[in-house]
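This briefing covers a helix crossing and a set of aromatic ring pairs. The sequence and the model are shown below.

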Amino acid sequence: GAPPNRAASTSDAPEPRSLADAGPVLETYARILFAAYADATAGAEALEAACVPLTSGTPTEAALAAARDAWIAARPAYLQTEVARFYGGPIDEPEHGRELLINTWPMDEAYLDYVAGPDGGTLIGGLVNDRTALPEVTTDTIRALHLRGSEENVAVGFHAIELLLWGQDLRADGPGARSHMDFATGDGATAPNGDRRAAYLAAATDLLVLELAAVRDAWRLDTPGSYAATFVAVAPEEGIRRILVGMGTFAGT
C-alpha cells in the first residue's frame with residue numbers, strides 16, 4: 001500500500017500539555033498513596049492480630065505459623081509505597097523518622113535477642129534478655145532504643161518482628177527456625193524470657209501499626225493541614241518534581 005503520510009500524522013499529534021495542568025495528577029497521586037498506606041496499615045493490623053495467640057502465654061506451633069503467614073502477607077503492601085520516598089514526605093519526615101521505625105535494615109540480630117555463639121553454643125543477650133537496658137517492654141521503650149549506638153541496632157519495624165518470628169537465620173536453604181516455645185515460660189520453654197519475648201512482639205507489632213497509620217493519615221486529602229492537602233496545593237512543577245525524585249531515586253537504589 002501507499003506509505004503513511006508522515007506530515008499529516010505529525011500535524012495531527014496532540015499539543016503537549018503544560019505542567020500548569022498537573023493538578024489532577026497530583027491529586028490522583030495523593031489518593032493512590034493514601035490507598036497504598038491504608039493497605040499497608042491493614043496488613044500490619046492483621047499481623048498484630050495474628051500475633052495475639054502467640055503472645056497469650058500458651059503459644060502453639062499453629063499460632064507461630066499463622067503469625068509468620070501474616071508477616072509475609074503484610075510485606076508487599078508496604079513495599080509498593082517505597083516509590084514515594086526521598087523527597088521529604090511523611091515517610092521520610094525527619095522529626096519522626098517513620099521509615100526508620102518501619103523498615104530499617106540491615107540489623108545486628110544480637111542487639112535484639114539471643115544468637116548462636118562462636119563455639120556452637122548460644123549467646124543469651126539482646127534487648128529481649130537484658131532487663132537492665134530494657135526494664136519494661138512498651139512501644140515507647142523499644143522506640144527509644146531503636147538505632148541506639150549504631151545504625152544496625154534495630155529494635156523495631158518489619159525486620160525486628162521478622163527476627164522475633166523466625167529467629168536468627170543460620171541456614172543456607174531457608175529462613176530461621178525459631179520454636180513457638182521460645183514464647184513460653186516454665187516447662188517446655190526453649191529459651192529464657194519467653195514472657196518478655198512475647199511482650200516485645202506485641203509492642204513491636206503495635207508500634208508498626210501506629211507508624212504506618214500516621215503515614216496513611218498524612219495522605220488524607222480531606223484533612224485540612226495534612227501533607228496531602230499541602231502537596232496538591234504546591235506549584236505543579238514542585239509536585240511533579242517530588243513524584244519524579246521518589247521514583248528516580250528508588251529506581252537507582
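The points below take the helix contact and then the aromatic rings. The model is predicted. Helix H2 spans residues 23-51 and helix H10 spans residues 236-252. Tyr29 belongs to the contact between H2 and H10, and Tyr29 also pairs edge-to-face with Trp219.

**Crossing of H2 and H10**

- The two helix axes come within 9 Å and cross at roughly 40°.
- Angles under 35 degrees would count as roughly parallel, and H2 and H10 are therefore oblique to each other.
- The crossing of H2 and H10 is left-handed.
- H2 contributes Val25, Leu26 and Tyr29 to the contact, while H10 contributes Pro236, Gly239, Ile240 and Ile243.
- Of the residues in this contact, 6 are nonpolar, 1 is polar and none is charged.

**Aromatic rings**

- The count of aromatic pairs comes to 8.
- In one of them, the ring centres of Tyr29 and Trp219 are 5.9 Å apart and the ring planes stand at 75°.
- Planes over 60 degrees apart count as edge-to-face, so the Tyr29 and Trp219 pair is edge-to-face.
- Tyr29 lies in helix H2, whereas Trp219 lies in the loop between helix H8 (194-218) and helix H9 (227-231).
- The pair therefore ties together parts that are 190 residues apart in sequence.
- Tyr29 and Trp219 are both buried.
- Ring pairs link Tyr29 and Trp219 with Tyr227 and Phe231 into a cluster.

Conventions. Residues are numbered from 1 along each chain as its sequence is written. This is a predicted model: local features need pLDDT of at least 70, side-chain atom pairs count only at pLDDT 80 or more; totals for chains, interfaces and linings use all residues. Side-chain values use heavy atoms; hydrogens and water are left out. Axes are lines fitted to C-alpha atoms, for helices over the stretch in contact, and angles run from 0 to 180 degrees between N-to-C directions. Helices (H or I, at least four residues) and strands (E, at least two) are DSSP runs, numbered from the N terminus. Angles under 35 degrees count as roughly parallel, over 145 as roughly antiparallel, 65 to 115 as roughly perpendicular and the rest as oblique. A crossing is left-handed if the near helix is turned anticlockwise from the far one by less than a right angle, and right-handed if clockwise. Contact means heavy atoms within 4.5 Å. Ala, Val, Leu, Ile, Met, Phe, Trp, Tyr, Cys and Pro count as nonpolar, Asp, Glu, Lys and Arg as charged, and the others, Gly among them, as polar. Rings of Phe, Tyr and Trp (its six-membered ring) pair if their centres lie within 6.5 Å; planes under 30 degrees apart count as stacked, over 60 as edge-to-face and the rest as tilted. Buried means under 20% relative accessible area, exposed over 50%, partly exposed in between (1.4 Å probe, protein chains only).
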